[in-house]
Amino acid sequence: MAQDISITIIDREGVRHQVQSPTDMNMNIMELVRAYELAPEGTIGICGGMAMCASCQCYILNDIELPEKSQDEEAMLWEAFNVKENSRLGCQIHITEEIEGLELELAP
């Protein structure tokens, strides 16, 4: 049976939010940020989660094992601003039980 997991998100103002997310709704991090309104409307997920805008770029802050980046994600991060080694696109990180305890910060 699927259960909610806990994820910590630091918003663009530096405020830490510990949120709960279901693992049985096929959501991703970008959708979770939008659901909790942790970024102003129109500033995250502009492309709708297609890995085409990098508005959902985030920095992974702990050692939770995530799936490898797709070629589309790699290409978008290559063109994005404020990219770091720990940058990922939130729309490409699906919420599963394996990412319980993930900590991330939204990129500016």
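Q: In this predicted model, which residue of β4 stands opposite Gln-57?
A: Let's start at the strand pairing. β3 runs antiparallel to β4 (residues 87–89), and three bridges link the two. Across from Gln-57, the residue in β4 is Leu-89.

Q: On the β5 side, what is the bridge partner of Cys-58?
A: β3 pairs with β5 too, again in the antiparallel sense and over three bridges. Follow Cys-58 across to β5 and you land on its bridge partner, Leu-106.

Q: Are the residues on the two faces of β3 buried or exposed?
A: In a regular strand, side chains alternate between the two sheet faces. Here one side of β3 carries Gln-57 and Tyr-59, while the other carries Cys-58 and Ile-60. Both faces are covered, and these four residues are all buried.

Q: In what order do the five strands of the open sheet come?
A: The pairing in this sheet is mixed. Its edge strands are β2 (16–21) and β4, each of which pairs on one side only. On average, neighbouring strands are turned by 35 degrees against each other, direction ignored. Reading across, the order is β2-β1-β5-β3-β4.

Q: What is the bridge partner of Thr-8 in β2?
A: β1 and β2 run antiparallel and are joined by six bridges. Within that pairing, Thr-8 has as its partner in β2 Gln-18.

Q: Which element supplies the largest share of the largest nonpolar core?
A: This core has 29 residues, and Ile-7, Ile-9, Ile-29, Ile-99 and Leu-104 touch the most other members.

Q: How many disulfides does the model count?
A: A disulfide needs two cysteine sulfurs within 2.5 Å. For Cys-53, the nearest cysteine sulfur is that of Cys-47, 3.7 Å away; for Cys-56 it is that of Cys-91, 3.8 Å away. Cys-53 is partly exposed at 27% relative accessible area, whereas Cys-56 is buried at 4%. The disulfide count is zero.

Definitions and conventions:
Residues numbered from 1 in each chain as written. Predicted model: local features only at pLDDT ≥ 70, side-chain atom pairs only at ≥ 80, totals over all residues. Heavy atoms only, no water. Core = buried A, V, L, I, M, F, W, Y, C linked by side-chain atoms within 4.5 Å. Buried < 20%, exposed > 50% of the residue type's maximum accessible area, 1.4 Å probe, protein only. Pairing = 2+ DSSP bridges. Axes fitted to C-alpha atoms, helices over the stretch in contact; angles between N-to-C directions.
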